[in-house]
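Hi everyone, thanks for coming.

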Amino acid sequence: MTLDEALSKTVLDKDDLVFLLGLTDPRDVQRLHDAAYAAKCRHVGNVAYYRGLIEFSNICVKNCLYCGIRRGNENVRRFDTPREDILAMARWCHEQGYGSVTLQSGERTDAAFAEHVEGLVRDIKKIGGGGLGITLCAGEQSEETYRRWFAAGAHRYLLRIETSRPELYAALHPGDGMHVWKNRYNCLRVLGKIGYQVGTGVMIGLPGQTLGDLADDILFFQTIDAAMIGMGPYVVHKDTPVGQAVLASGENSDECRQKRLLLGLNMIAVTRLALKDVNIAATTALQALHPEGRELGLKAGANILMPIVTLPRFRRDYQLYEGKPCINESSEDCRNCLERRVRSAGDSVGWGRWGDSPHFARCSQ
Ligand code: SAH
Ligand code: SF4
């Protein structure tokens, strides 16, 4: 297969996906990213929409083997942002013209948490007369909890499947009955049934993951009809079992990290070519591996940015992975810096707009 052949297809099969994901020659990679950028302009426009990211708590009942805030990591100082501060951050986002906020946290399934988030959503919804779009990203919950949060005003939910291959998922999570691929998959189905715009995604460059797995991930996004995709490279955290294994095997050299970055960008580009009119985020993890990671993401076909709004005093304690950028910055710094990044990618910011994906609008009619 030649690159011309693969890029001229309107429907990509698994072989095409694997071929495109595996490109490494800089000229080929450039052509792939340019084609994806053109597809983004055609299907969703070259406008970057903001979802102000409020990482409101790092308390988590889960123990995912790769994540820096897993329950078992005792080096983390746990925090729970006071409710008034969260509301002030959401108001700030609205004043800045961020169209939406994303509330993200570790996973808790106790009744107090469900009620807390419900109240937050209800109060954020009142800001500016319902002006802010609300995305939630708080892990696996019961159908009842998801329904309550939806009724309170959340309309998007981000739950990464992490990998579409259950065996790989099992290798990256404890086998304690709390981390079950099928349960996560069922959550995605329930979220769609309730009426949320469903976002999912994977980590890219995980130990044991193949190009075939990543191609299957893209086919999985198609199968579940995701409206938005949030994915990024896997980044080592030294206080985690997966991070320690990767470090011990020498797989975290600069070269390995740059490979994961390239794979992350190719994944964005190929997902854009395959899924066309969905929202795709250029996530902060890209920037952990390259100072211009997020611009490169926009240039490879992403159209969503999640500027960090988390209170500066908590940023250091919300490190899912190491080298997370912006931990010493304020929300104002992040706002100014990101707009420069968007412009340098040739895009404009969709100030004050929700930026729902055309895909969701098309499929929910
Ligand atoms: N607790 C919720 C939301 C917060 S975690 C949940 O797990 O869904 C958000 C995402 O961070 C996860 O879905 C995972 O894909 C990502 N993540 C965790 N550890 C990571 C790492 N070491 N490198 C890159 N991404 C990571
Ligand atoms: Fe908790 Fe999410 Fe990290 Fe898993 S990935 S340990 S659920 S915060």
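Predicted model: local features only at pLDDT ≥ 70, side-chain atom pairs only at ≥ 80, totals over all residues.

Let's start with ligand 2, which sits in the largest cavity. On a 1 Å grid over the protein atoms alone, a cavity is a set of points where a 1.4 Å probe fits but cannot get out, and a molecule sits there if more than half of its atoms lie within 2 Å of the grid points.

Residues are numbered from 1 along each chain as its sequence is written, chains are lettered from A and ligands numbered from 1 in the order in which they are written, and side-chain values use heavy atoms, leaving out hydrogens and water.

Which residues are around ligand 2? They are Cys60, Lys62, Cys64, Cys67, Ile69, Arg70 and Gly106, where being around it takes a heavy atom within 4 Å. That shell divides into 4 nonpolar, 1 polar and 2 charged residues; Cys counts as nonpolar in this scheme, and Gly as polar. Cys67 is buried, at a relative accessible area of 15%, where buried means under 20% with a 1.4 Å probe and protein chains only.

Now over to ligand 1. It has 18 residues around it, and Tyr66, Arg160, Glu162, Arg184 and Val235 come nearest. By class, this shell holds 10 nonpolar, 4 polar and 4 charged residues.

For polar contacts, meaning pairs of N or O atoms within 3.5 Å, look at Glu162 first: a polar side-chain atom there lies 2.6 Å from an oxygen of ligand 1. On the backbone side, a polar atom of Tyr66 is 3.1 Å from a ligand 1 nitrogen, and a backbone N or O of Ser105 lies 3.1 Å from a nitrogen of ligand 1. Taken alone, ligand 1 exposes 540 Å², and the protein buries 92% of that, by the Shrake-Rupley method with a 1.4 Å probe.

Definitions and conventions: Polar contact = N/O pair within 3.5 Å; in protein donor to acceptor, adjacent residues only side chain to side chain. Buried < 20%, exposed > 50% of the residue type's maximum accessible area, 1.4 Å probe, protein only. 1 Å grid on protein atoms, 1.4 Å probe; cavity = no way out; pocket = protein on both sides within 12 Å on 5 of 7 lines; lining within 4 Å.
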